[in-house]
Amino acid sequence: MSDFNKKIAFVTGGGDGIGRATSVALSACGAKVIVTDINEKMGKQTVDQIKSMGNEASFFKMDVSVETEVKSITEIVVEENKKIDLAINNAGVGGDFESIHKTDLSDWNSTLNINLNGVFLCMKYQIKYMLRNRFGRIVNVSSMAGLKGVGGGASYSASKHGVIGLTKSAAIEYGDHNIRVNSVCPGFIDTKLIQNVPKNVIDFNMKINPMKRIGKTKEVADSILWLLSEKSSFVNGHSISIDGGYGSL
Ligand SMILES: NC(=O)c1ccc[n+]([C@@H]2O[C@H](COP(=O)([O-])OP(=O)(O)OC[C@H]3O[C@@H](n4cnc5c(N)ncnc54)[C@H](O)[C@@H]3O)[C@@H](O)[C@H]2O)c1
């Protein structure tokens, strides 16, 4: 896949897990990757990995839930690179595992602020510049929890359902401006994020998953790259499940 030569790709949460795998894969296909993350050390490690492969990347510390940071970093990136072609709004947290009647509003808000408001804020500023260039490909990272309820994980599930609604709405608003917006819905993927998920929940999922395993970050990255590429040129507003068939149950 060499679609991405000279493309500028903006990745949130690029310091680890799915965001790192996607950043590395995009750079290997010719994109210059702007790695952003709240965790400076991890984000810089991603950039070092990309550079050690002879590819291009730079790091910016950015919290997706803080509008002033999203606005200023997006402006700096556009000033330096003239454009943003590809955006992968991936930064997210698992939130607290708690029943709804025991959930503090502050914990609820914290999950929604990062997982949903963060995607809104990033798209708000990315799309402004994509409209100027009449080109944009956006993939937002939702979850299988964006398609199903999660007992004990209501804030996470609600935030990820929200990402799908936001994705569909953006696809309708900007489709005729040559900006496509899709999302991915991974099942359990081997990253730090699932370390807080109770073991019995993961074990149960493995038992009933048609492929009897959890996914790899590269498997999600490959689907994201397909959605960003011209191989998916008429796919817009959709959510692709990457879950070994779990969603078919
Ligand atoms: N791992 C899974 O099983 C799974 C399944 C479905 C969806 N997802 C989604 O995939 C995305 C990536 O998660 P992951 O599994 O790679 O987890 P991860 O913890 O490995 O990586 C998440 C990255 O996001 C960064 N981050 C967290 N809060 C941030 C903020 N406010 N601003 C900027 N960066 C922030 C972290 O520092 C980290 O580098 C998330 O949106 C997550 O909800 C993960």
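Here is a quick briefing on the fold, the core and the ligand shell of this structure. Keep in mind that the model is predicted. The protein chain has seven helices and seven strands, and 46% of its 249 residues count as buried.

**Overall fold**

- Starting at the N terminus, the elements of the protein chain go β-α-β-α-β-α-β-α-β-α-β-α-α-β.
- The radius of gyration is 17 Å, which agrees with a compact globule, because 249 residues packed that way would come out near 18 Å.
- Along the principal axes, the C-alpha atoms sit in a box of roughly 45 × 40 × 35 Å.
- Take the contacts in the protein chain with a separation of 6 or more: 73% of them join residues 24 or more positions apart.

**Nonpolar core**

- In soluble globular proteins, nonpolar side chains tend to get buried together.
- Here, the largest nonpolar core holds 62 residues, and A9, F10, V33, I34, C122, V220 and I224 have the most contacts inside it.
- Helix α4, residues 105–133, is the top contributor to this core with 10 residues.
- C122 is one of the residues with the most contacts in the core. Leaving aside residues up to four places away in sequence, C122 touches T12, V64, V70, A87 and N89.

**Ligand shell**

- There are 29 residues around the ligand, and the ones that come nearest are G13, G17, G92, T191 and L193.
- Two elements, α1 (17–28) and α4, each give two or more residues to that shell.
- By type, the shell splits into 13 nonpolar, 12 polar and four charged residues.

**Helix α1 up close**

- α1 runs for 12 residues and spans 17 Å from first C-alpha to last, close to the 16 Å expected at 1.5 Å a residue.
- How much of α1 is buried? The count is 11 of its 12 residues, so the helix is largely enclosed by the rest of the structure.
- The buried residues of α1 are G17, I18, G19, R20, A21, T22, S23, V24, A25, L26 and S27.
- After α1 comes G30, which has a positive phi near 100°.

Conventions. Residues numbered from 1 in each chain as written. Predicted model: local features only at pLDDT ≥ 70, side-chain atom pairs only at ≥ 80, totals over all residues. Helix = DSSP H or I, 4+ residues; strand = E, 2+ residues; numbered from the N terminus. Rg over C-alpha atoms; globule rule 2.2 N^0.38 Å. Buried ≥ 20, exposed ≤ 12 C-beta atoms within 10 Å, placed from the backbone. Contact = placed C-beta atoms within 7 Å. Core = buried A, V, L, I, M, F, W, Y, C linked by C-beta atoms within 7 Å. Near = placed C-beta within 6 Å. Nonpolar A, V, L, I, M, F, W, Y, C, P; charged D, E, K, R; others polar. Expected span 1.5 Å × (residues − 1).
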